[in-house]
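Subject: Structure handover

Hello,

Please find the structure below, followed by notes on what was found in it.

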Amino acid sequence: MLAFVLRRVMQSVVVLFVMSLVVFSMINLVGDPVDMLVNPESLPEEIDRVRRDFGLDQPVHVQYWKFLLGAISGDLGKSFIFGRPALALMAERFPATLELATSALVISVTVGLPLGVYAGLRPDGWGTRIIMGGSVLGISVPTFWLGLMMIIVFSVVLGWLPVSGRGETARFLGIESSAFTLDGLRHLVLPATNLALFKIAMVIRLARAGTVEVMALDFIRFARAKGLAPRRIVLAHLMPNILIPIVTVLGIEFGTLIAFATVTESIFAWPGLGKLVIDAIVNLDRPIVVAYLLFVVTLFLVLNLVVDIIYALLDPRVRLQGDET
Amino acid sequence: MSEAKAVSAGRPETGLLSKFARSDLSRPTTLISGILLLLIAASATFAPLIAPTDPYDLATVSVLDGRLAPGEEMLDGTIAWLGTDGAGRDVLSAIIFGLRTSLTVAISSALIALVVGLVVGLTAAFYGGRIDAFLMRIVDIQLSFPAILVALVLLALLGKGVDKVIIALAIVQWALYARTVRAAAMVERRKEYFEAAICLELSNARIIWKHLLPNSVSSLIVLATLQTAHSISIEATLSFLGVGVPITEPSLGSLISNGFDYILSGAYWITFFPGVMLLATVAAINILGDQLRAVVNPRLSR
């Protein structure tokens, strides 16, 4: 078991290293960032000074080595645009993204689970057809366009909800969030729902498949024969059994929520990590892009590692398979 | 279609196309999606002939026509059925030309990814062992990252441009094709004809090309269809974010993005109609792809 974990950790470190190399070398092929930093009419001395300040006068491999040493000690360079450490900027923006992703997760489960279970209990009903049709549509509709339509309907036409920003935030139990003020909630509803839409469709499908599978099992039939109320069968016997796979999948999918938040944040001008990186890409703000990439790569490697280890703990076959290759 | 029917009359129960024609064209949603897709493909192909105006001919586009509501008449007398955008371009014409870019990007990236995926997948399945383990490890790693993120990163590195979007989308998709081909080819490997081919000492290239490839390809057709829809969507998202195709060659995504600046002033049509077209295209391809899957793999529809 220890050998398995160690090997997977080593693999992740290698991937991370290769990624940093690829990202760093490719990003150095795209244009000279000094052109972005200074006024084209500034004096050559001025340009040289800026070049030296950001360490851009040194050879590429030296820059990479410094970058690597810095990255290990948590220093990913200064943003060209903000002139502040990239990591500090990201840490500042991360709570907003986390809040958005968590709210989306909560929405997708509270909406998706009941609908999916209903569809699984009544496979031939009209309601089921509407739900399943809606979930196909939910997968087809590009999320960003639906976000725009939500703005048109709820903000422009009806005027119920604000269009952009995070609104007022408040501190509760040491967590700063806009979910604790009315104004913040009003700002949160549209982006969170928008981000949740795709996941709702997924939860519906998972819950339906699970319900159909579990309801056909013997212990459900036994519970029915015993004369338990349908409500109790669903809540006490069905739910715990279908929840485990759904929670697992959602855990893995949390990373994709953070990735997709880039799109939602751009639409609703939500001041999170995604907005930061999109602006950085457009403005060629290299350190931010690199820092974000390393952050996301690390996030996904860790998520996958945790999932792999949990699976290996639960199922010895996975471990043995790993030993062969 | 008549061709397909003729084939099905001659050889019952065989042929993908004939099965498709007989079993599923009777379903109304499939029929509607098929017709819709044909119309979309035709208007994209013959865009200059069909579009009422040329939205990128600066000589005919006038700013004075800017932000006309749907149905209003432009200065030169043509009616803008879907309105005009801020620069006075006819939205309907822009959509028809935008479809062209969107479909070109999606289809060419799908083809490149298909070819790369085929080569990698067949190589992995045929040689097995370390080569297989190595290639599939790369596939696993790539597929553990969401497509939109990988594409975003690649475009951040490559820069803007139609060719770059195609490259990025091809890189995003190849792994999925490789995994699917490998799975199909691994099944074929265990069959007797494959052993026979090995015993006959046919060359590797011949076995892969003449035996493994034709038998592994049917599941790919379904994947390619669904992936095309997916990449149209990704391309639109990227262009919306401003890292996709440049303003000079707008796709549906950049049209939607362009309209984003006007929605707060109530000119909803600049964003709304390109989005409807995007939705219709993606949904039609998805529905057809699902039907195709049911034909290729009847077990799944049970």
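Chain A exposes about 17000 Å², and carbon and sulfur atoms supply 68% of that area. Accessible areas come from the Shrake-Rupley method with a 1.4 Å probe, and for residues only the protein chains shown count as cover.

Before the rest, some notes on conventions. This is a predicted model, in which local features need pLDDT of at least 70 and side-chain atom pairs count only at pLDDT 80 or more, while totals for chains, interfaces and linings use all residues. Residues are numbered from 1 along each chain as its sequence is written, chains are lettered from A and ligands numbered from 1 in the order in which they are written, and side-chain values use heavy atoms, with hydrogens and water left out.

Chain A overall

The secondary structure of chain A comes to 13 helices and two strands. Helices (H or I, at least four residues) and strands (E, at least two) are DSSP runs, numbered from the N terminus. Of the 325 residues in chain A, 42% count as buried; buried means under 20% relative accessible area, exposed over 50%, and partly exposed in between (1.4 Å probe, protein chains only). Among the contacts in chain A with a separation of 6 or more, 72% are made by residues 24 or more positions apart. A contact means heavy atoms within 4.5 Å.

A:Thr128 sits in helix α6 (residues 126-140) of chain A. At 2% relative accessibility, A:Thr128 is buried. Neighbours within four places in sequence aside, A:Thr128 is in contact with A:Tyr118, A:Ala119, A:Arg122, A:Pro123 and A:Arg208.

A:Val111 belongs to helix α5 (residues 86-121) of chain A and is partly exposed, with 34% relative accessibility. A:Val111 and A:Phe67 are 44 residues apart along the chain, and their C-alpha atoms are separated by 45 Å.

Where the two chains meet

On the chain A side, 36 residues are in contact with 32 residues of chain B. The area buried between chain A and chain B is about 3200 Å², of which carbon and sulfur atoms give 85%. Buried area here is the accessible area (1.4 Å probe) that two parts lose on being put together, summed over both. A:Ser140, A:Phe144 and A:Trp145 supply 19% of the area that chain A buries against chain B, more than any other three residues. There are zero salt bridges between chain A and chain B; a salt bridge is a side-chain nitrogen of Lys or Arg within 4 Å of a carboxyl oxygen of Asp or Glu.

Nonpolar cores

A nonpolar core is a set of buried Ala, Val, Leu, Ile, Met, Phe, Trp, Tyr and Cys residues joined through side-chain atoms within 4.5 Å. The largest nonpolar core has 90 residues, of which A:Phe144, A:Ile267, B:Leu238 and B:Leu278 touch the most other members. Helix α12 (residues 286-314) of chain A gives the most to this core, with 11 residues. Domain 1 (2-72) and domain 2 (93-324) of chain A both give residues to this core, so the core lies between them; the domain bounds come from an automatic or database domain assignment.

Setting aside neighbours within four places in sequence, B:Leu278 is in contact with A:Pro142, A:Phe144, B:Ile232, B:Ala236, B:Leu252 and B:Ile256. Another core, of 35 residues, lies apart from the largest one and has A:Ala101, A:Ala119, A:Ile233 and A:Ile258 among its members.

Salt bridges

Over all chains, the count comes to seven salt bridges. In one of them, A:Asp279 pairs with A:Lys275, and the closest N and O atoms are 3.2 Å apart. These two residues are four residues apart in helix α11 (residues 273-282) of chain A, so about one helical turn separates them. A:Asp279 is partly exposed at 33%, and A:Lys275 is partly exposed at 22%.

In chain B, the side chains of B:Arg182 and B:Asp132 meet in a salt bridge at 2.6 Å, N to O. B:Arg182 lies in helix α8 (residues 162-189) of chain B and B:Asp132 in helix α6 (residues 129-143) of chain B, so the pair ties together parts that are 50 residues apart in sequence. B:Arg182 is partly exposed at 21% relative accessibility, whereas B:Asp132 is buried at 9%.

B:Asp140 also forms a salt bridge with B:Arg137, with the closest N and O atoms 4.0 Å apart. B:Asp140 and B:Arg137 are three residues apart in helix α6 of chain B, so they are separated by about one helical turn. Salt bridges that share partners join B:Arg137, B:Asp140 and B:Arg179 into one network.

Regards
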